[in-house]
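Hello,

Here is the structure I promised to hand over. Please have a look, then read my notes below.

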Amino acid sequence: MGLLDESVRMALRGRVLAGDVKPELDGKGVNLFGWVHEIRDLGKLVFILLRDVSGICQVVFRMEEVEQSVRDAVRGLTNESAVFVEGVVVKQPRSKLGVEVVGKRLTVLGRAVPKLELDPTGKVSAGLDARLRHRILDLRRPEVRAVFLVGSQVLKAMRDFFHMKGFVEVRTPKLIGSATEGGAELFEVKYFDRVAYLAQSPQLYKEQLTTVFEKVCEIGPYFRAEASHTGRHISEFTSVDIEQAFADMYDVMDVLEELVVHVHRHLVENHQHLLQMLGVNLRVPKRPFKRFTYDEALEILRSEGVELRWGEDFGTPHLRILGKKYTGYYFITHFPTESKPFYIQETEKDPRVSESFDLMYQWLELASGGTRVSDHDVLERKLREKGLNPAMFEDHLKVFRYGMPVHAGWGLGFERFLMVLTRRTNIRETVLFPRDRFRLTP
Ligand code: AMO
């Protein structure tokens with residue numbers, strides 16, 4: 001019998017979720033649909049943990065009290081099979097949840113093979129590599145799934161926040177004609193009889209769109225041919241971007257801080273159960289976040305014995321030192337101009353210093369942004385200085401002749417933010433099907 005069977009369809013209409021099986025339902029008949037999480041066969045009693053989208057409940061089959069056909073179905077059951085259970089709720093003070101369902105009938109709707117490549121209960125531990133190879137089974141583990149339930153809530157909270165603040169959500173092209181963030185990390189694709197590239201960020205489009213909507217945001221996939229194989233780089237990631245007209249770096253740093261606080265508050269106030277599943281004790285961070293300049297960070301590093309020339313980018317070992325000193329969220333501002341992309345504005349006082357910032361969590365860079373160049377000729381000069389050909393940016397440059405306001409923005413790595421919120425140590429754990437230098441399947 002399958003789901004297409006009329007009686008099963010009828011039963012589905014009266015479905016009760018595992019998470020809603022409570023002692024108050026004592027004596028009620030219920031129809032449960034879900035997956036076999038675990039089977040414990042004690043001979044006369046067979047216990048099944050049934051898992052569905054809402055959680056897990058215990059079903060017990062008293063084998064002497066059910067029909068032969070049900071006994072056969074129970075005995076032939078395999079872990080992870082999709083099933084339909086008809087039963088009666090009974091209060092059960094001895095069980096963990098104080099309630100269980102006495103199974104009367106069992107219908108296997110989708111049988112799972114007896115030997116699975118991965119144990120979704122997590123009792124048999126598996127390394128990250130094996131977990132990602134058999135990702136769909138891994139994702140069925142309640143703790144792993146919780147990462148993505150949190151992720152879904154983070155997306156909702158961010159969208160709510162952006163709308164509240166008057167940002168217009170836009171969708172920019174992911175197939176583009178020229179690089180935005182630098183050549184080396186660009187993926188080339190065949191585009192009819194030409195070459196196109198996968199977008200590395202929405203940078204140029206979001207800047208242009210400030211002349212239409214003033215405040216824009218986008219949450220979308222971007223692509224970087226990252227040669228570095230680390231726990232925080234993937235080749236397809238999600239960037240949360242904003243760009244705002246008539247604003248500078250300080251304005252958009254405030255927006256970023258507020259967003260981070262808003263997301264924390266949403267999770268802490270509404271989704272404690274998910275955080276508990278992840279073993280995360282989340283606190284709402286206090287504003288303003290600490291802010292210090294590149295020069296100040298350099299001083300700190302030098303006082304720790306690190307020899308770094310002014311202008312050099314901080315590497316992971318340097319960030320680890322800073323992260324030990326600064327727990328939680330903090331900003332590093334005013335990076336050397338040479339270390340930043342062409343679209344970042346130089347400070348008025350010293351052109352070697354830029355109006356830029358990174359949002360950090362301990363040693364992890366979460367976001368970067370800044371005040372943008374809004375003058376056509378300056379942008380053209382800066383493109384040249386970076387060894388880029390202004391002719392390749394003609395469509396972008398001309399917008400700077402159509403009344404470009406002073407503007408600023410940032411890009412936040414969604415998966416990195418989710419790593420922090422769910423306390424995962426490898427970015428791959430925050431992506432359903434991660435893509436990296438060596439992984440293109442599943
Ligand atoms: P940037 O290149 O710093 O800035 O990227 C912004 C943020 O995106 C995340 N990120 C990544 N996450 C995972 N894997 C990757 N390969 C990866 N690359 C980047 C990081 C990073 O802080 N256009 C600018 C932003 C702006 O100025 O508005 C930009 O793309 O968390």
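Strand S7 is joined to strand S9 (residues 194–198) by two bridges, and the two run antiparallel. Strands here are DSSP runs of E with at least two residues, helices are runs of H or I with at least four, and both are numbered from the N terminus. The open sheet has three strands in the order S7-S9-S8, with antiparallel pairing; strands pair if DSSP finds at least two bridges between them. S7 (175–176) and S8 (188–191) are the edge strands, each with a single partner, so one side of each has no neighbour in the sheet.

A word on the source: this is a predicted model, where local features need pLDDT of at least 70 and side-chain atom pairs pLDDT 80 or more, while totals for chains, interfaces and linings use all residues. Residues are numbered from 1 along each chain as its sequence is written, and side-chain values use heavy atoms, without hydrogens and water.

A polar side-chain atom of Arg-372 lies 2.7 Å from a ligand oxygen. A backbone N or O atom of Leu-366 lies 2.8 Å from a ligand oxygen.

Best wishes

Terms used: A polar contact is a pair of N or O atoms within 3.5 Å; within protein, one must be able to donate a hydrogen and the other to accept it, and residues adjacent in sequence count only if both atoms are side-chain atoms.
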